[in-house]
Amino acid sequence: MTWRHAAALAELTDDLPLAVDVATDDEDELQVALVKHQGEYFAIRDECSHGHIELSEGEVVDCTIECYLHGSQFNLRTGAVLNLPATQPVPVYPCRVVGDDLEVDVDNPIELAS
């Protein structure tokens, strides 16, 4: 695993997604939405698989994040799409707390169970 700093914990507010760029192994950057929800931390690619809209602009409820434009919801743990119009999941990434920081591994997305 390749853990990279994503944000200070103090930057995260409950149920308010935070858009950040995280470096990849290829030295590119990937925009992810970080979410603190019910005491857990999540990282999901910051792009709806349907409308290519930033998910960080959406609402967080019951461990889901909603695309504000068309209303598709995605599970924060798995990235699974929960309703139309989106039909494809969104990648989610492992997170861990180290001291006062949140680290994310964008090079190793969490695989959906079959």
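Predicted model: local features only at pLDDT ≥ 70, side-chain atom pairs only at ≥ 80, totals over all residues.
**Chatting through the sheets and cores**

Colleague: Hi! Which strands make up the open sheet of 3 strands, and in what order?

Modeller: The order is β1-β10-β9, with antiparallel pairing. Strands here are DSSP runs of E with at least two residues, numbered from the N terminus, and two strands pair if DSSP finds at least two bridges between them. Residues are numbered from 1 along each chain as its sequence is written, and side-chain values use heavy atoms, leaving out hydrogens and water.

Colleague: Thanks. Which are the edge strands there?

Modeller: β1 (4-8) and β9 (95-98), each pairing on one side only.

Colleague: And how many bridges join β1 to β10?

Modeller: There are 4, and β10 covers residues 101-104. Within that pair, Ala7 sits opposite Leu102.

Colleague: New topic: what is the order in the open sheet of 4 strands?

Modeller: That one runs β2-β3-β4-β8, with antiparallel pairing.

Colleague: Why is one side of β2 and of β8 left without a neighbour in the sheet?

Modeller: Because β2 (18-23) and β8 (92-93) stand at the edges, and each has a single partner strand.

Colleague: How many bridges join β2 to β3?

Modeller: 6 bridges, in an antiparallel arrangement. Asp21 has Gln31 in β3 as its bridge partner. The hairpin of these two strands has 5 residues between them, and Glu27 there takes a positive phi near 65°.

Colleague: What about β3 and β4, how many bridges do they have?

Modeller: They also pair antiparallel, over 6 bridges. Ala33 faces Ile44 across the pair, and Val35 is opposite Phe42. Their hairpin has 2 residues between the strands, with Gln38 at a positive phi near 50°.

Colleague: On to the inside: which residues have the most contacts in the largest nonpolar core?

Modeller: Val35, Ile44, Leu55, Ile65, Phe74 and Leu76, out of 16 residues in that core. β3 (29-37) and β4 (40-45) each supply at least two of its residues. By nonpolar core I mean buried Ala, Val, Leu, Ile, Met, Phe, Trp, Tyr and Cys residues joined through side-chain atoms within 4.5 Å; buried is under 20% relative accessible area, with a 1.4 Å probe and protein chains only.

Colleague: What does Leu76 touch?

Modeller: Leaving out residues up to four places away in sequence, Leu76 touches Val35, Phe42, Ile44, Val60, Cys63, Thr64, Ile65 and Val92. Contact means heavy atoms within 4.5 Å.

How values were computed. Buried < 20%, exposed > 50% of the residue type's maximum accessible area, 1.4 Å probe, protein only.
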